[in-house]
Amino acid sequence: MEKHIYLLSASDRFNYGDVLFPIVAKHELQKLGDFEFHNVATISSNLVECGAMPTLSYRALLNYEKIPDDSTLIVAGGEVLTANWSRLISFTKEYYDFIFRKWESPRLEKIAKFLFGKNEVSFPFIPSAPALLEKYRVVYHAVGGRGTHNLPNQQQEIVPAIKAAEYFSAREPVTQKQIANNFKIDVTLVPDSVLVLSDMCPKEQLVRPLTAEYVCVQFGFVKSEARMPAVLKELRKIHQTHNIDIGLLSIGNCPGHDDMKSVEWIKQHADFPVVELPSNTIDQITSAIAHAKIFIGTSLHGAIVSLSRIPIR
């Protein structure tokens with residue numbers, strides 16, 4: 001009998017690391033047996049043209065009568081534990097982002113929890129509904145989310161959810177220690193799961209975006225807007241000192257990240273040659289990072305994929 005695995009991640013928006021989590025998990029789990037995979041996020045989405053897996057909505061995860069027996073639910077990675085409904089939803093569409101920025105409040109959070117989570121789960125990536133915990137075996141893999149034990153007014157819900165996990169691994173030591181010490185469970189420290197992407201997509205199989213050597217540059221606009229003049233100054237210095245092309249890459253192609261705005265800002269203000277690197281698909285982004293002489297940016301997963309290309313001697 002085929003076993004069912006539900007992969008839960010924030011893969012309903014085109015943000016490089018988020019869409020990679022279920023892809024990596026599926027690739028590795030297929031080595032262990034014959035499973036049927038279901039990819040779940042906060043909303044249903046279809047980003048197949050970008051190379052991502054389509055997602056079921058969170059409400060599908062809570063439709064218990066349609067969930068096969070002996071199913072496993074895997075929280076598939078990322079800085080997700082303390083993420084709340086309204087903020088997560090704001091990353092999926094410009095309309096939701098507008099609502100969040102204009103009306104962020106506890107009331108908006110309650111509305112989002114009701115609309116997208118049937119009012120059953122306070123934090124999407126801490127599956128806590130009693131009926132859910134009875135239906136699935138729950139696994140957390142390579143997750144982050146510092147301060148989970150300090151989430152206000154929710155410990156009665158969170159404690160049993162964390163303790164019910166059949167396996168729990170964290171991708172950095174702070175989360176590992178906080179979860180282990182405060183919930184009294186075993187927590188394994190593991191690398192971020194996207195690290196294996198270099199094995200899945202060897203560099204020689206990726207199409208080089210530029211013939212010349214280049215620096216791959218990526219900046220999240222939300223994080224970097226105030227610093228863009230300083231960024232431009234440093235990029236000019238790199239180009240002049242090393243006579244190397246400056247390639248601009250957009251990794252976070254969704255509201256709340258808006259890397260494409262950084263690309264446009266630099267293109268408009270640069271008084272030296274820059275070129276926009278293709279970023280419409282996962283493979284294009286991976287290729288741009290893999291073939292670069294160096295990667296400079298704010299994206300954790302841009303850095304992880306870049307570092308995974310360095311041979312270990």
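This is a predicted model: local features need pLDDT of at least 70, side-chain atom pairs count only at pLDDT 80 or more; totals for chains, interfaces and linings use all residues.
Q: Let's start with H13. Is helix H13 mostly covered or mostly open?
A: Mostly covered. H13 spans residues 282–290, and seven of its nine residues are buried.

Q: Which residues of H13 are buried?
A: They are Ile282, Ile285, Thr286, Ser287, Ala288, Ile289 and Ala290.

Q: OK, on to cores. How many residues does the largest nonpolar core have?
A: It has 41 residues. Those with the most contacts inside it are Leu61, Ile126, Leu132, Tyr136, Tyr140, Ile162 and Phe168.

Q: Which strand gives the largest share of this core?
A: Strand S5, residues 136–144. It supplies four residues.

Q: What does Leu61 touch?
A: Leaving out residues up to four places away in sequence, Leu61 touches Tyr6, Leu8, Val40, Ile67, Leu73, Leu132 and Tyr136.

Q: What other core lies apart from that one?
A: One of 31 residues. Leu20, Ile23, Ile282 and Ile285 are among them.

Q: New topic. At what angle do H11 and H12 pack?
A: At about 60°, with their axes 11 Å apart. H11 is residues 228–242, and H12 is residues 259–269. The two helices are therefore oblique to each other.

Q: Is the crossing of H11 and H12 left-handed or right-handed?
A: Right-handed.

Q: Which residues meet there?
A: From H11, Met228, Pro229, Val231, Leu232 and Leu235. From H12, Ser262, Trp265, Ile266 and His269. The residues of this contact divide into seven nonpolar, two polar and no charged.

Q: Last one: where does Lys293 lie?
A: In the loop between H13 and S11.

Q: Is Lys293 buried or exposed?
A: Exposed. Its relative accessibility is 58%, and exposed means over 50%.

Q: So what does Lys293 touch?
A: Glu213, Tyr214 and Ile244, not counting residues up to four places away in sequence.

Q: And how many Å apart are Lys293 and Lys3?
A: They are 43 Å apart in space, C-alpha to C-alpha. In sequence, Lys293 and Lys3 are 290 residues apart.

Notes:
Residues are numbered from 1 along each chain as its sequence is written. Side-chain values use heavy atoms; hydrogens and water are left out. Buried means under 20% relative accessible area, exposed over 50%, partly exposed in between (1.4 Å probe, protein chains only). Axes are lines fitted to C-alpha atoms, for helices over the stretch in contact, and angles run from 0 to 180 degrees between N-to-C directions. Angles under 35 degrees count as roughly parallel, over 145 as roughly antiparallel, 65 to 115 as roughly perpendicular and the rest as oblique. A crossing is left-handed if the near helix is turned anticlockwise from the far one by less than a right angle, and right-handed if clockwise. Contact means heavy atoms within 4.5 Å. Ala, Val, Leu, Ile, Met, Phe, Trp, Tyr, Cys and Pro count as nonpolar, Asp, Glu, Lys and Arg as charged, and the others, Gly among them, as polar. A nonpolar core is a set of buried Ala, Val, Leu, Ile, Met, Phe, Trp, Tyr and Cys residues joined through side-chain atoms within 4.5 Å.
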